[in-house]
Each structure stands twice: as C-alpha cells, then as structure tokens.
Amino acid sequence: CNHFFVLLLSLRPVPHCFETMSTAPSNLDLVFLMDTTASMSPYLNSAKENVQSIVRQLVDSGKVAVRFGVVAYRDHPPEDHTYVTRVFPLTSSQPRMQAYVDGLSAQGGGDGPEALTAALAEVESLSFQEDAAKVVVLITDAPPHGAGELFDGFPGGDPMGRDPLVVARRLATAGVVLYSVGCEPVLSQYCNARGLLVALAQLTGGQAICLGSAGLLAEVILGGSLEEVALQGVARQVQDQLRALEEEHRQAGRDVTSPEVSEAITTSLYTALSDQGCEVPTLATDGRMTDPRASIFAAAATLREAVEEARKQFGDPEPQSPLSSYSTPGMSECPTAPATATHCTVTHSPVSVEQCSRLVMRSPSARVTTSAE
C-alpha cells in the first residue's frame, strides 16, 4: 500500500489552472442530444439563442477548439410520423452550427416515452476526434421506451432491440461523457426516468443536472464543457501513473475494477493532486439530479433487468396526470416538481474527490471492463 501511494506522489506537477495546461488549444467535440418533441420547445429555443455564444465563450475562456454536432430525436411510428432521429455531423463552422439548431422545431411525440435509445445509438456513428474531450449533452423530459412506464407505445423497449444501458457503456469505452439535463416538472412524473438519466451520466463519467426552466441551459453546457476539457488535460497528466497503480493491484491479485480498489485509487489520486494544488474549472450548481433508482439502473446489465429490479424494490408505477398534459405549458405549474437548479456557474476550484472518481472510472482498464460487461 505504501508503494502504491509513492507511485502517485511521483506524478508530474499538475498545473493549478486549466489555462496553463498547454499553449495549444484543447479539442472539444460537443454534441447536443435533443428531444425535439412538443414539450421541449423552450429548451430548443434556448439552444438556438445561445449556441454561438457558448462556442465563443469556450474558445475565449478555455483556449478550446470546438466542433459541434446535433442528434435530434422524436419517436417511432406510429407514435410520431415526422422522424425518429436526425443527425448533424460534427463541424467547426459556427454558421453551420447555428444552421443545425435553427433548422429544428419542437412538435409531436405521441406517447410519453420517446426514441432516446435510437438517438444514443446514433451518437456512436459520429466521427469523434481521438484526442478530444467528447461531451454529449442529453436534454429531455421523458425516458426511453421500455423503462417500465405507463402509456408506453413500445413497452418492450426500442423497436430495433437496442438497449440504452448497453449503448451507454459502449460510449464510455469510446471516451464519450454524457451529461443528462432533466427537464422538470414533466420528467419526475415518470417513475424511472430520473434514475435512468442519472445512471446514464454515471456510466459514462458525466453528471446529471435538473432544470426547471430553459434559462440556465447555456450555463450548464458551458460549465460542463469547460470542466470536461480540464479533466481531459488532468487525465493525460496522470494516465501513466494510473496504469502503474492498476498494475500494482493486479500483481497483488486484486480486481482493479472492484469498488474497493477503485475507491483506494481515487483517494490516493485525490490526495496527490490536492497536495500539488491542482485546480480545474468546475460546474457549480445546486441542481444535481439524484434518484434512489439510479444505482439499480447503473448496476443492471440491461434495461429490462433494471426495470424488474426497480419494480421489486419500489412497486409498480402509479398513474400521474393525464398523458395529454405532458406536452402542455401548464405542466410548469405542477406542485409536486422536485427542486431544480437556481444557479449554474463556473468556478476555478481545487479538484474534488468526485472528479477524481470520474477520472479513475475513465481509465483504460475501467473502459475495457465496462465494454465487456
């Protein structure tokens, strides 16, 4: 154990601020994964109004070279006959970025759940840069099909047989980080939606944020992007040492992906980086999304297994308000809506244990194991 800690103390000095990590721009591939059904109109409008401002601030404040893409989705026929998904490839052209979102509108949707699984699968087809921070921002107020909800036109899940948990693990293996932005109060009317969105973020090393309006969407995207680019830089600094630490545990006959070993590596990494004064841009918000079902979905191999386990522990879903109200502005008056973010800012803060945990889970060994599960 002492040798294990000494290896971490041999880390090369980590810069205190993201701006000093490199004189060359860091690469960021940023993708909006957008539910474009009728109830999402305010969030789509916010994306249209802010996309160029977000890109400019990323370039100016973080020396970031940005490429931007969109995967828009609605639902499968017969629930929706417009489109299931629309894919806009990654581009560095700001006019093209604006044209992507300007060409979208919010309408339709059919039943409650939407074609989220199909959209996640489309993310795999995008041409990400190998050295880029790969950030996908999922913006939705509904779960995918097959999540154990009432009024689901496809209760067996995605019509093509794809599974969102399986796809999320493949994305994690490819280094893609998912930020789940849950739009309330509609999302919490589904029994499993919040837990699933939190799990999708956890499986990819991302974060889940709960918004009650579109007003803070731009801040979430900007803050999350800056944080992920910074963590990508830290990961490059420590990758060799993390491999050495993992090898130490293997030689001792320990499973490097077990919770106990991961926690030990996280603690030592945090101690070493803290001793070096490592600071990174951090998304500071009071809107972190949590849910008691999240651990069930994160641990399950498939969505079906997760739904069955959630039903055992929490019971069957109960009918909420009429389905027709899912797409009406009046839903914002729902008195049972959970607490949502009131602020989202970017602060330069000492690296946290939670950030170190996300770095450890993105290590090559963790990715390989995640892919094999």
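## Close-up views of a predicted model

**Figure 1. Helices H5 and H6 meet through residues from both sides.** From H5, Pro164, Leu165, Ala168, Arg169 and Ala172 make contact with Leu196, Leu200, Leu203 and Thr204 of H6. By class, this contact holds seven nonpolar residues, one polar and one charged. H5 covers residues 164–173 and H6 covers residues 193–204. Their axes come within 8 Å and cross at roughly 25°. H5 is therefore roughly parallel to H6, as angles under 35 degrees count as such. The crossing is right-handed. As in every view here, the model is predicted.

**Figure 2. Helices H7 and H8 cross at roughly 135°.** H7 spans residues 217–251, and H8 spans residues 259–275. The two axes come within 11 Å. That angle makes H7 oblique to H8. The crossing of this pair is right-handed. On the H7 side, the contact residues are Val234, Val238, Leu242, Glu246 and His249. On the H8 side, they are Val261, Ile265, Leu269 and Leu273. The contact of H7 with H8 divides into seven nonpolar residues, one polar and one charged.

**Figure 3. Helix H4 is mostly covered.** H4 runs over residues 116–123. Seven of its eight residues are buried. They are Leu116, Thr117, Ala118, Ala119, Leu120, Ala121 and Val123.

**Figure 4. Gln98 is a buried residue of helix H3.** H3 takes in residues 94–102. The relative accessible area of Gln98 is 15%. Buried means under 20%, so Gln98 qualifies. Setting aside neighbours within four places in sequence, Gln98 is in contact with Lys48, Val51 and Gln52.

**Figure 5. Thr290 is exposed in a loop.** The loop runs between strand S7 (279–285) and helix H9 (294–299). Thr290 has 54% relative accessibility and therefore counts as exposed, for which the cut-off is over 50%. Thr290 still touches Arg194 and Val198, not counting residues up to four places away in sequence. Ala199 is 91 residues from Thr290 in sequence. In space, the two are 9.5 Å apart, C-alpha to C-alpha.

Figure 6. Most peptide bonds are trans. Pro78 sits in the loop between strand S2 (64–73) and strand S3 (85–91). Pro185 belongs to the loop between strand S5 (176–183) and H6.

**Figure 7. Phe151 has a positive phi.** Most residues other than glycine have a negative phi. For Phe151, phi is near 60°. Phe151 lies in the loop between strand S4 (133–140) and H5. At 42% relative accessibility, Phe151 counts as partly exposed.

**Figure 8. The protein chain as a setting for the close-ups.** Twelve helices and eight strands make up the secondary structure of the chain. Of its 373 residues, 55% are buried. Residues 24 or more positions apart account for 85% of the contacts with a separation of 6 or more. The accessible surface comes to about 15200 Å². Carbon and sulfur atoms hold 53% of that surface.

Terms used:
Residues are numbered from 1 along each chain as its sequence is written. This is a predicted model: local features need pLDDT of at least 70, side-chain atom pairs count only at pLDDT 80 or more; totals for chains, interfaces and linings use all residues. Side-chain values use heavy atoms; hydrogens and water are left out. Helices (H or I, at least four residues) and strands (E, at least two) are DSSP runs, numbered from the N terminus. Buried means under 20% relative accessible area, exposed over 50%, partly exposed in between (1.4 Å probe, protein chains only). Contact means heavy atoms within 4.5 Å. Accessible areas come from the Shrake-Rupley method with a 1.4 Å probe; for residues, only the protein chains shown count as cover. Axes are lines fitted to C-alpha atoms, for helices over the stretch in contact, and angles run from 0 to 180 degrees between N-to-C directions. Angles under 35 degrees count as roughly parallel, over 145 as roughly antiparallel, 65 to 115 as roughly perpendicular and the rest as oblique. A crossing is left-handed if the near helix is turned anticlockwise from the far one by less than a right angle, and right-handed if clockwise. Ala, Val, Leu, Ile, Met, Phe, Trp, Tyr, Cys and Pro count as nonpolar, Asp, Glu, Lys and Arg as charged, and the others, Gly among them, as polar.
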